[in-house]
Amino acid sequence: MGFSAWLPSLLRRGSYFFHVPLGSCQLQPLNHSWCQKKSTSAVQHNCVNSPTMNQTFKTPEDALSNLYSSEQQSAILQVLNTASERELSTIKLLRGRKSVNVIEHRKKYGPFQNLQSLLNVPLFQYKTVVKVCNFILNPSEKGDRRERKIQDTRPSMRFIKPEIERERLETLDSIVSIVFGTRKIAWAHVDRNLAVHDWEQEECGRFMKGTYIPAVYLEEISSVVSKIPEADLYILEKSGLSAQNTNLFPITLHLRTVEAMLYALLQKTLMQDGQHKVLSMARSTVGKHFGLMVGDSRSSGMDLVKQFLLQSVTQEQPRLSFPRNKVVRYRNLFSSVTQNRDEEMCDSLLQALAFYELLLNNTT
């Protein structure tokens, strides 16, 4: 459900319905000494009725209280005080950590009493607050529709099959990225804030041994699926091997068999709700995103994964965050002395990160 669809229901949750004028208007420049030219320009491009725009304000807090009528302020606060994290994340400027910060601030300090209090939320600056307020008052603004259209037509969408609605992608809580080879199946459970919750792999010792027996594949893959966490979507790696290459035909057949069984076992509700929960992502797409392609082939991403693990303990805002109690085990697993190269496990993590960065744009 898009923001414009659930906004009216939010505004009705209180004791009465807020009627907010959403007509277009042109704001005059603010004449305050603290406001930089860039911030003033950002405010001018938004559409808010205000009878006190000609006043001179000494602080950002004073300006916020005078940008909007009391009715508009009440409507904005009603949304910010009642919307869930998922609903807040449908506002572009509140995706990722910002929506989490709003929820945490509400839990710690109670409902927002005025617009000025929004400036106390981490990552919120004056310009951000103004844009968020304007969007709440007028979610159908042309500029926003134009921006969503640009996002929806990004080339990266064609690498996800089958296609699903953009709104559904933008409100995901978590995904499980799955990569499988000739002996292993690995997965990474990663949420929209790029925090890793589970990252494991399973050996499948009976794969590609002797005569092909469907029951063996079913037993092995069912065992793995029983250990994979629940998530909004499951992303499977789509290899670039061609079925026309006769030398690689046994491997290609194996990979497609595993893929088909994972689709069937993970997709439990398709017949009930018609919603796909299992998607495929091209292996080459992930390789291009991280600069791992050498011609048509993809090089190892193990060094990149080691770098992410190091950043998680040395940087305040790493690209990926890992559970503190598991970082040492992960780093030891990918140490240089390890003889068993866990490429599937590395690739499952890289695929999860590429999915979010390419399709959801949730990088900080």
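## Overall fold

In this predicted model, the protein's secondary structure comprises 16 helices and eight strands. Of its 364 residues, 49% are buried. If you look at contacts between residues at least 6 apart in sequence, 66% of them join residues at least 24 apart.

Let's turn to the open space. Rolling a probe the size of a water molecule over the atoms shows where empty space is left. The second largest pocket holds about 410 Å³ of space. It is lined by 19 residues, and those closest to its centre are Glu237, Ser239, Leu241, Leu255 and Arg283. By class, the lining has seven charged, six polar and six nonpolar residues.

Which elements each supply at least two residues of this lining? They are strands E2 (174-180) and E8 (297-298), together with helices H11 (249-266), H13 (283-289) and H16 (343-360). H16 gives the most, with three residues.

## A look at helix H4

Helix H4 covers residues 70-82, and its 13 residues make a handy length check.

Which residues of H4 are buried? They are Gln72, Gln73, Ala75, Ile76, Leu77, Gln78, Val79 and Leu80. Buried here means that each of them has under 20% relative accessible area.

Conventions. Residues are numbered from 1 along each chain as its sequence is written. This is a predicted model: local features need pLDDT of at least 70, side-chain atom pairs count only at pLDDT 80 or more; totals for chains, interfaces and linings use all residues. Side-chain values use heavy atoms; hydrogens and water are left out. Helices (H or I, at least four residues) and strands (E, at least two) are DSSP runs, numbered from the N terminus. Buried means under 20% relative accessible area, exposed over 50%, partly exposed in between (1.4 Å probe, protein chains only). Contact means heavy atoms within 4.5 Å. On a 1 Å grid over the protein atoms alone, a cavity is a set of points where a 1.4 Å probe fits but cannot get out, and a pocket is an open set with protein on both sides within 12 Å along at least five of seven lines; lining residues have an atom within 4 Å of a point. Grid points are joined across faces, edges and corners, and a volume is the space filled by probe spheres set on the points. Ala, Val, Leu, Ile, Met, Phe, Trp, Tyr, Cys and Pro count as nonpolar, Asp, Glu, Lys and Arg as charged, and the others, Gly among them, as polar. The expected span of a helix is 1.5 Å times one less than its number of residues.
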